[in-house]
Amino acid sequence: MKLEGNAWKFGDNIDTDVIIPARYLNTSDPAELAKHCMEDGDATFASRVQAGDMIIGGRNFGCGSSREHAPICIKAAGVSCVIAKSFARIFYRNSINIGLPILECEAAVEAIAVGNHIVVDTDSGVIKNLTKNESYTAKPFPPFMQELIQAGGLMNFVAKKAGEKHA
Amino acid sequence: MGMTITEKILAAHAGLDHVEPGDLITAKLDIVLGNDITAPVAIHEFEKMGATAVYDKCRVCLVPDHFTPNKDIKSAEQVKILREFAHKHEIENFFELGRMGVEHCILPEMGIVVPGDCIIGADSHTCTYGALGAFATGIGSTDMAAGMITGEAWFKVPESIKFIYTGELQEHVSGKDLILYTIGLIGVDGASYMAMEFTGPVIEKLSMDGRLTMCNMAIEAGAKNGIIAFDQITEEYVSGRAQRPYKAYFSDEDANYAATYAIDCSKIEPQVAFPHLPENTRPISQVGDVKLDQVVIGSCTNGRMEDLRVAAAILKDKKVDPNLRVIIIPGTPTIYKQAMHEGLFDIFLDAGAIVSTPTCGPCLGGHMGILAKGERALATTNRNFVGRMGHPESEVYLASPAVAAASAILGRIAGPKEVL
Ligand code: SF4
């Protein structure tokens with residue numbers, strides 16, 4: 001999959017309360033949630049983000065709660081992928097389960113500046129920075145993750161496995 | 001090579017004799033849990049897939065604890081989704097208001113989770129049940145949906161870190177202080193994707209309520225699970241409550257650990273985590289003058305009987321500072337009733353504190369005690385992220401019930417020694 005958009009930068013330990021504050025969790029409607037995406041980190045984000053834009057985070061992105069509303073609202077806000085130095089465990093798992101592309105790449109996070117124009121190839125993990133004319137390579141997913149991603153998330157994977165069992 | 005408790009429980013649930021860190025396994029689940037925020041998303045996925053039944057109606061737990069008693073129309077709609085799903089699928093462990101308690105208080109209390117279990121919960125603090133010698137971890141709604149259908153989940157077997165607590169605990173130092181100190185030591189991603197195994201003579205003497213507090217906050221160091229080996233204290237706690245047979249697991253002598261930390265508890269003072277991360281800990285002697293607007297005693301971290309007793313012992317015959325609000329939230333109806341019987345409500349009310357119905361409430365900034373811009377709270381909860389209890393420019397400090405009670409009296413962050 002090829003993704004293209006401009007970079008937004010956030011720091012280390014971006015927690016799920018910053019991504020989607022709990023005061024908005026009385027609904028699970030993705031469009032409603034998207035209106036408040038990253039609100040406690042940058043209150044203007046949700047109104048200014050363009051379809052395809054990318055979130056660049058530091059270490060431990062998505063720490064805190066297990067709320068799947070976090071990757072759901074990022075995806076619904078139009079963000080095409082999240083690139084970070086590392087991801088918190090549950091956010092990582094949730095993103096793969098719902099099909100939000102995420103990439104781990106220190107070099108990209110260090111080099112990419114706010115507003116840089118980025119093209120990502122999720123299959124090869126190559127991240128191209130068109131503004132700086134640089135390229136970085138993300139850590140490849142372990143084979144099992146690739147299988148999950150290719151199936152289109154966990155529910156499809158489970159359905160596929162159930163089908164194999166009954167066949 | 002021997003195995004750790006975590007490895008043994010995962011191996012047993014995957015039908016394997018041996019597992020090693022990094023192995024990808026599919027494990028059978030003893031309990032699948034969700035709440036009023038996460039379960040609606042899971043139920044949506046469940047129905048979208050066309051599933052017609054849960055794998056076991058006794059093993060799925062639905063606890064509407066976050067925005068209950070329903071704080072607004074939207075929250076009421078969310079809880080209604082749980083209720084209708086529970087009725088349709090005859091789910092026994094749906095907790096209607098009146099029986100409902102904070103999920104991680106009520107499941108151990110009722111013996112629904114037991115030693116040796118493999119548990120997933122669509123709530124990050126599901127790791128609490130490690131205190132019983134179970135493998136329990138937080139996952140998201142989609143994993144919950146798949147778990148409700150198949151009774152299984154995939155896991156990467158985590159590496160384990162061993163923490164050995166030695167020495168003697170100082171007066172007024174609790175499980176909360178030990179876990180805050182530990183998170184301060186290793187950082188909020190210090191145990192990422194790993195198991196935190198709490199051991200040593202101090203843990204062997206720690207009460208079950210203290211152990212539940214410690215395992216509860218393993219996620220605040222990024223851990224997959226926290227765990228404490230089964231012993232006499234575990235046995236006393238589970239006997240008479242366990243709803244199913246249980247099994248004790250112990251780490252082998254030659255088990256492999258990614259790291260080992262020896263912590264001398266004799267020098268640990270009561271701890272306070274400053275905004276906006278649980279790792280920003282300071283001993284109480286280094287806190288300085290921090291004025292407060294609110295104190296909250298409750299949550300899945302510290303809303304149990306021992307916590308309320310500790311707070312009451314300090315608040316007895318005292319008054320809380322008139323410039324601050326003090327909210328006390330018993331974790332479950334049973335704790336609520338017990339505290340009332342023991343006369344703790346009289347102590348709290350005479351002191352000028354108020355007692356709330358069991359709920360997560362202000363812990364996640366839901367309702368029942370939200371902070372205005374610029375306000376400061378000290379809470380016995382587990383997270384002090386930006387905006388966690390209300391306005392993005394408010395602040396949360398984390399500490400034990402003893403520190404919370406002392407701070408309530410003085411209107412600023414203070415240790416119990418200052419008021420006794
Ligand atoms: S009490 Fe707080 S941390 Fe615990 S489950 Fe409720 S919201 Fe989460």
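Predicted model: local features only at pLDDT ≥ 70, side-chain atom pairs only at ≥ 80, totals over all residues.

Residues are numbered from 1 along each chain as its sequence is written, chains are lettered from A and ligands numbered from 1 in the order in which they are written, and side-chain values use heavy atoms, with hydrogens and water left out.

Q: What makes Arg93(A) and Asp143(B) a salt bridge?
A: The rule asks for a side-chain nitrogen of Lys or Arg within 4 Å of a carboxyl oxygen of Asp or Glu. In this pair the closest N and O atoms are 2.7 Å apart. The pair qualifies as a salt bridge. Between chain B and chain A the count is three.

Q: Which elements of chain B supply at least two residues each to the side that touches chain A?
A: They are strand 1 (24-28), helix 2, helix 3 (73-88), strand 6 (135-138), helix 5 (141-150) and strand 7 (152-156). Helices (H or I, at least four residues) and strands (E, at least two) are DSSP runs, numbered from the N terminus. Helix 5 of chain B gives the most, with seven residues.

Q: How many residues of chain B are in contact with chain A?
A: Contact means heavy atoms within 4.5 Å. By that rule, 49 residues of chain B meet 39 residues of chain A.

Q: What is the area buried between chain B and chain A?
A: Buried area is the accessible area (1.4 Å probe) that two parts lose on being put together, summed over both. Here the value is about 3,600 Å², and carbon and sulfur atoms give 58% of it. Thr142(B), Trp154(B) and Tyr193(B) supply 19% of the area that chain B buries against chain A, more than any other three residues.

Q: Why do Tyr92(A) and Tyr193(B) count as a pair, and of which kind?
A: Rings of Phe, Tyr and Trp (its six-membered ring) pair if their centres lie within 6.5 Å; planes under 30 degrees apart are stacked, over 60 edge-to-face and the rest tilted. These centres are 6.3 Å apart and the planes stand at 80°, so the pair is edge-to-face. The pair crosses between chains, from helix 5 (residues 89-98) of chain A to the loop between helix 6 (175-186) and strand 9 (195-199) of chain B.

Q: Why is Tyr92(A) called buried, and what is Tyr193(B) called?
A: Buried means under 20% relative accessible area, exposed over 50%, partly exposed in between (1.4 Å probe, protein chains only). Tyr92(A) has 14%, so Tyr92(A) is buried. Tyr193(B) has 27%, so Tyr193(B) is partly exposed.

Q: What kind of aromatic pair do Phe135(B) and Phe155(B) form?
A: The centres are 5.4 Å apart and the planes at 80°, which makes the pair edge-to-face. Phe135(B) lies in strand 6 of chain B and Phe155(B) in strand 7, so the pair ties together parts 20 residues apart in sequence. Both residues are buried.

Q: How do you know that Thr68(B) counts as buried?
A: Thr68(B) has 4% relative accessibility, so Thr68(B) falls in the buried class. Thr68(B) sits in the loop between strand 3 (60-63) and helix 3 of chain B. Beyond its neighbours within four places in sequence, its contacts include Asp36(B), Met100(B) and His367(B).
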